[in-house]
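Hello,

Here is the structure I promised to pass on. My notes follow below it.

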Amino acid sequence: MVKLVAIYRKPEDLKAFDEHYFNTHAPLASKMPGLIRMEVAKVYGGPAGESDLHLIAEMYFESREALMEAMKSPEGKAAGKDVMSFAGNIISMHFAEVV
């Protein structure tokens with residue numbers, strides 16, 4: 001199993017970001033073919049105190065191939081275009097294999 005991990009730093013406008021993320025982006029991303037599970041966590045701090053992160057989203061797929069197919073799909077392209085429109089400057093994305 002693999003996952004796409006999206007890490008979002010704190011946006012300037014938390015309310016506007018959350019509204020768009022949970023009402024527009026997450027529903028788009030959840031339609032990607034082959035998606036097994038999607039988990040979203042709000043970061044509230046770290047061992048040293050406050051964190052500069054806001055959200056961590058993890059999207060699970062059966063295989064690397066399934067993840068790549070999902071990203072190339074119309075749903076994946078729509079989610080990618082959307083995320084770049086509202087979070088392009090605060091997101092980092094990573095592929096990870098569950099071990």
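The largest nonpolar core has 12 residues: A6, Y8, F17, Y21, A26, L55, A57, V83, F86, A87, I90 and I91. A nonpolar core here is a set of buried Ala, Val, Leu, Ile, Met, Phe, Trp, Tyr and Cys residues joined through side-chain atoms within 4.5 Å. Buried means under 20% relative accessible area, exposed over 50%, partly exposed in between (1.4 Å probe, protein chains only). Two or more residues each come from β1 (2-9), α1 (14-29), β3 (53-61) and α3 (74-87). Helices (H or I, at least four residues) and strands (E, at least two) are DSSP runs, numbered from the N terminus. Another core, of 10 residues, lies apart from it; M32, M59, F61 and A70 are among them.

This is a predicted model: local features need pLDDT of at least 70, side-chain atom pairs count only at pLDDT 80 or more, and totals for chains, interfaces and linings use all residues. Residues are numbered from 1 along each chain as its sequence is written, and side-chain values use heavy atoms, with hydrogens and water left out.

A70 sits in helix α2 (residues 64-72). A70 is buried, at 1% relative accessible area. Beyond four places in sequence, A70 contacts (heavy atoms within 4.5 Å) M32, P33, F61 and G76.

K42 belongs to strand β2 (residues 37-42). K42 is partly exposed, at 47% relative accessibility.

Best wishes
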